[in-house]
Amino acid sequence: MALVSEFLGQLTLNLGGSSEPKYPTVVPFPDFDPDKDAARIETAIKTKGVDEQTIVDILTKRSYPQRREIAFAYEKRVKKDMISALKGALSGSLESVILGLMKSTAQFDATEIRASMKGLGTDEETLIEMVCSRSNDELMEIKKVYKELFKKDLAKDVAGDTSGNFAKLLLALVETKRDEPSSVVDYEKIDQDARALYEAGVKRKGTDVATWISIMSERSVPHLQKVFERYKSYSPYDMKESIRKEVKGDLEKSFLTLVECFENKQLYFASRLSDAMKSKGAKEKVVTRIMVSRCEVDLMKIRSEFKKQTGKSLYQTIAEHTKGDYQRALLSLCGGDD
C-alpha cells in the first residue's frame, strides 16, 4: 500500500502539487506539423493585404508549446523573428490577441500587470482583476516570469504604484503565503476565522482591515468557502454585503473580487465578460485579456457559467459584439457554441 500512495504522491507532485484542474478550450492540435504551419504563416504575412484568416486559424488552434515550435520553425525558414513579423502584419485588437497567444499564460499575465502600472496613472481595474483572481500557484509563476521579463520585483512595483490598505492587500496576495488545501476540515479554525472577520468589521465601529487581509490572503480557498458560510451565523449580512458596507473604492473592489473568485472563479470571469459586452460594442481590452489568459486554463468552464448566468452562449455574445478577424479569433478561442 505504501508504494501505491508513494506513487500517487509522486504523480500529484509531477502535476504541480495542488494545481487546479484545467478546463481549456485550446488544446494541442493532433496532426501538428510546425514546418507546415510556419510556411503557411510566412505566405499569409507576405500576401498582399495580409491573409489574417490563415494566421488566426493556425495560431488559435495550437497550444502554447506548439505556437513556440511554429515560431522556431519560422525563424529557421525565414531568418526573421515571427513575433516581429506578426507585429508588422497585424494591427488593433487582432494584433493584441495574436501577440498575446505568443506568450505563455504567465508571461501574458505578467505583461498585463506591468502594463496596468506603467506610464501615467494606474489602471486599477486591470490590476485588481489580475492579482485578486489568480491562484497562489499562478501568482508564484507570474512573480518569477515578471522578474525574468522586466528585471523588476513585482511586489516593489505594486508597492510603488498603490497606497494605503489597497496596497497592503495586493502585497499580501503577491507574497503568496496562502495555505495549501488540507484534507482535514478544521471546524474550530473555520469558526474562529468567521468570528474574527465579523468582529473586525460589521460588529465594530470602523474596520480592522488588517485582520481581513491576513485571513483572506493566507487561508486556503476551500477553508475560506466554509468560513464565509459560517460567517452568516454571526453577521446579519453575508461576506459580500459586509465588504460593501465596510470599505470603499479599490479596496472594496479587491475584496469583492477575492470573495467572488473563492466562491466561483469561473463565474467571476463570466460576469466580467458579460459586463464587457453589455453595450453595443465591446470593451475589447477586457474581452481579449480574459479570452487569451484563460483559453488554456479554464475557459471551457467559464463558457458554461456564462450560459447559466446570461441564458446566452459566450459564442453568440461574442459574435454579436465583435466583428471581422478579431471576432474570428475570439470565436476560435471560445472553441464552440453552447
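Helix 17 (residues 284-294) packs against helix 20 (residues 324-334) at an angle of about 35 degrees, their axes lying 10 Å apart; such axes are lines fitted to C-alpha atoms, for helices over the stretch in contact, and the angles run from 0 to 180 degrees between N-to-C directions. Helices here are DSSP runs of H or I with at least four residues, strands are runs of E with at least two, and both are numbered from the N terminus. The crossing of helix 17 and helix 20 is left-handed, a term for a near helix turned anticlockwise from the far one by less than a right angle, clockwise being right-handed. Helix 17 contributes E284, V287, T288, M291 and V292 to the contact, and helix 20 contributes Y326, L330, L333 and C334, where contact means heavy atoms within 4.5 Å. Sorted by class, the contact of helix 17 with helix 20 has seven nonpolar residues, one polar and one charged; Ala, Val, Leu, Ile, Met, Phe, Trp, Tyr, Cys and Pro count as nonpolar, Asp, Glu, Lys and Arg as charged, and the others, Gly among them, as polar.

The model is predicted, with local features requiring pLDDT of at least 70 and side-chain atom pairs pLDDT 80 or more, whereas totals for chains, interfaces and linings use all residues. Residues are numbered from 1 along each chain as its sequence is written, and side-chain values use heavy atoms, leaving out hydrogens and water.

The chain has 20 helices and zero strands, and its C-alpha atoms fill a box of roughly 70 × 60 × 45 Å along the principal axes. Of the contacts between residues at least 6 apart in sequence, 71% join residues at least 24 apart.

Two residues call for a closer look at the backbone. Most residues other than glycine have a negative phi. The table lists the exceptions considered here.

| Residue | Phi | Loop |
|---|---|---|
| V50 | positive, about 60 degrees | between helix 2 (34-46) and helix 3 (52-59) |
| K151 | positive, about 55 degrees | between helix 9 (136-150) and helix 10 (154-161) |

V50 counts as buried because its relative accessibility is 17%, whereas K151 is exposed, with a relative accessible area of 68%.

Definitions and conventions:
Buried < 20%, exposed > 50% of the residue type's maximum accessible area, 1.4 Å probe, protein only.
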